[in-house]
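Please look over the sequence and the model below before reading on, and keep both in view while you follow the explanation.

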Amino acid sequence: MQFFLQQCLIGITNGALVALVALGYTMVYGIIRLINFAHGDLIMLGACLALSLVSGFGLAGGGMVTTWFGVVLLVLLCGLFCGGLNVAVDRIVYRPLRNAPKLAPLVSAIGVSFIFMNVGLFWLGPADRSFPELLPPANLFAGEGLQFTAKDLLVLVVVVPLMICLSLLVKSTRLGKAMRAVSQDPIAAALVGIDVDRVIAFTFFVGGFLGGAASVIYGLYINTISFQMGFQNGLYAFTAAVLGGIGSIPGAVVGGLVIGLVRALSSAYVGERWTGAIVFAILIVILVFRPEGLLGRGTKEKV
Amino acid sequence: MTMNERHSARHDAIGAVPLRERVMAFIRERWELVALVVLAVAPLVVPALGGALGGQVTTLFIYCILALGLNVMVGYTGLVHLGIAAFFGIGAYLFAILTVPMYPFQMRFVTAAAVSVLATAAIGLALGAPTLRLRGDYLAIVTLGFGEVVKVTLRNLEQITGGMKGLNPVPPPGAGVVIGGIDLGLAFAIDPRWFYYLALAALAAVVVAMRRLEQSRLGRAWVAVREDELAASAMGISAIRVKLSAFAMSSAVAGLAGCLYAASLSTTADPNAYDFNRSIMVLCAVILGGLGSIPGTLLGVALLVGFDTVLAPWADSAIQQWNINPSGSSLLSFSGWRLAIFGLALVLVMRYRPEGLIPSRRMAAELHEEHS
């Protein structure tokens, strides 16, 4: 029982991280129906920047306050970096293809992901790089038997407020309303005076910002980064987004948590090497029996 | 054909057609035949094709077959398939299981190839049947996920697939068959030209089959579904069945490529030979060359394989020779930029020439149509 609970805890923290990445996929898909293949590699670049900043400023040696302050600063900087990069890619690559057939932006996204991967290869080198342990490994639940360290706390401390901010942004601001309008019908949105391109750019920024935050947490939590990490993590996150119902923001969170739990439990009970196959088998089963996902609404193909 | 006739009719009226123009017209019209003859004669003229180079060209032919298989799905039917390497791998492993000494089957080459091609098509059908009602981009993800599942399974089922070592030795085609005093198995094992011709014959057969398919009822139904699924259904085409047949055909051709691959290497190689990277590279080849275009697909494969085996090594050695990069920095090595060059090529092609280098006329018209 103890072991099971521990695995669930690992799954939830992992899942929160997956959810943060999944949000980037789901928001972009929700607004322009594009599977942004480059999102995973964008996060890899964020992790590159985080590693460079950590070693550049020697953050590893500081005290408790400096460390936490530094982490928050890292999240902000990497978030801005990834958000900005995402907006630039949208402006340069995807925007000219807005009216092209669906295949064009999808293939371009694969191309962008290759370019990012090459940049990451130059930045990190071909081997795995270890990310410094900034947070003390001590257990916060003294005597309880369950392991819950500062790293796990960090994930929740960063992820939960970001998600609350995001849902407030989408639900209660003018910009959020514009985002929802564009995702429902871009032409009608433009007719009522919404600057569609700006709303799309903003969506890319928010998705990228969340991805940048995820990249910092990934580095601090998993402690190993490589130029190839984007592909696999992107796939897991995309699976989460589809599982929850792509285009749905709460869906991405639920999907992320489910994927995190599945990964943790299958690693513990079936074996680490089968995890990938199990996650994708679940994805295929979900798509076959409930293509709209757990929380998504069914959509009909329109003429 | 008709264009040729029209050309010559006009020229007859004016006078004699210059020989050069007639030759060029013949090459344009009958490029498959010209290429086939050139490639068939090449090993007799270029002795290097009997050595390592012959092996590389054989692999190129096999990738061409694989890409033509993918083209059925992505090009003709317009379904994004991101896991073609999985079917390539299934074909290779089934073929190996049916032929290697460690299993009791040990079938002849042709029987084993036929069985594994059919079985690969059946697996394609089994995956396609439940997933083809999904929207296009979901299908992309299902095929991608299936590719990962297959790779992981091949890697982990060590008792059946040999894990990272793969299955070997796969016997050469015609092992034990003696025709006219030539032991075919031995001939294949010794002289790479035998495989060169086998792969060339297979490629020619696939090209001819694709040409015929393109113009058949089924091929036109594929294109109709790609252009407008609703309109096609309204005309009485069963979209699901048409897509399913495209999926099965793609899988079968990829399976055939897998059989040839395993036979030519005499091993299945390790499961990483059938990963996402391979799928994406084949997809890139089809897209760069021209979706739905047979010559385009072949050119795309030739360019991509040529990049890796000819251009990149040449540029790297040139950089070394001219001493541009004395510090050995990876930034100044040409092959270090491989991914970025491919990525940039994809982005630029999609932006400026989405129909590819040698477009199919219909696809070009479709891609340049103004969408609202």
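This is a predicted model: local features need pLDDT of at least 70, side-chain atom pairs count only at pLDDT 80 or more; totals for chains, interfaces and linings use all residues.

**A walk through the two chains**

With 26 C-beta neighbours inside 10 Å, where 20 or more are needed, Gly296(B) counts as buried. Gly296(B) belongs to helix 15 of chain B, which covers residues 294–321. Leaving aside residues up to four places away in sequence, Gly296(B) touches Gly289(B) and Gly290(B), and it also touches Gly356(B), Leu357(B), Ile358(B) and Pro359(B). Met107(B), by contrast, stands 189 residues from Gly296(B) along the chain, and the C-alpha atoms of these two residues are separated by 36 Å.

From this one residue we can turn to the chain that holds it. Chain B contains 17 helices and two strands, and buried residues make up 45% of its 372 residues. The C-alpha atoms of chain B fill a box of roughly 65 × 60 × 50 Å along the principal axes. A compact globule with 372 residues would have a radius of gyration near 21 Å, and because chain B has 22 Å, its value agrees with that expectation. When we consider contacts in chain B between residues at least 6 apart in sequence, we find that 74% of them join residues at least 24 apart.

Two pairs of helices show how parts of chain B pack against each other. In one pair, helix 14 (residues 276–289) of chain B and helix 16 (residues 338–352) of chain B pack at an angle of about 40 degrees, with their axes 10 Å apart. Helix 14 of chain B passes helix 16 of chain B in a left-handed crossing. Helix 14 of chain B brings Cys284(B), Ile287(B) and Leu288(B) to the contact, while helix 16 of chain B brings Phe342(B), Ala345(B), Leu346(B) and Val349(B). The residues of this contact divide into seven nonpolar, no polar and no charged.

In the other pair, the axes of helix 10 (residues 192–215) of chain B and helix 13 (residues 239–265) of chain B come within 11 Å and cross at roughly 175 degrees, which makes helix 10 of chain B roughly antiparallel to helix 13 of chain B. Here Phe195(B), Ala199(B), Ala202(B) and Val206(B) in helix 10 of chain B meet Val253(B), Leu256(B), Leu260(B) and Ser264(B) in helix 13 of chain B. The residues of this contact divide into seven nonpolar, one polar and no charged.

Chain A has eleven helices and two strands, which follow the pattern α-α-α-α-β-α-α-α-α-β-α-α-α along the sequence. Of its 303 residues, 51% count as buried. A compact globule with 303 residues would have a radius of gyration near 19 Å, and chain A, with 19 Å, agrees.

Note on methods. Residues are numbered from 1 along each chain as its sequence is written. Chains are lettered from A and ligands numbered from 1 in the order in which they are written. Axes are lines fitted to C-alpha atoms, for helices over the stretch in contact, and angles run from 0 to 180 degrees between N-to-C directions. Helices (H or I, at least four residues) and strands (E, at least two) are DSSP runs, numbered from the N terminus. A crossing is left-handed if the near helix is turned anticlockwise from the far one by less than a right angle, and right-handed if clockwise. Two residues are in contact if their C-beta atoms, placed from the backbone, lie within 7 Å. Ala, Val, Leu, Ile, Met, Phe, Trp, Tyr, Cys and Pro count as nonpolar, Asp, Glu, Lys and Arg as charged, and the others, Gly among them, as polar. The radius of gyration is taken over C-alpha atoms; the globule rule is 2.2 Å times the number of residues to the power 0.38. A residue is buried if 20 or more other C-beta atoms lie within 10 Å of its own, exposed if 12 or fewer, and partly exposed in between; C-beta atoms are placed from the backbone. Angles under 35 degrees count as roughly parallel, over 145 as roughly antiparallel, 65 to 115 as roughly perpendicular and the rest as oblique.
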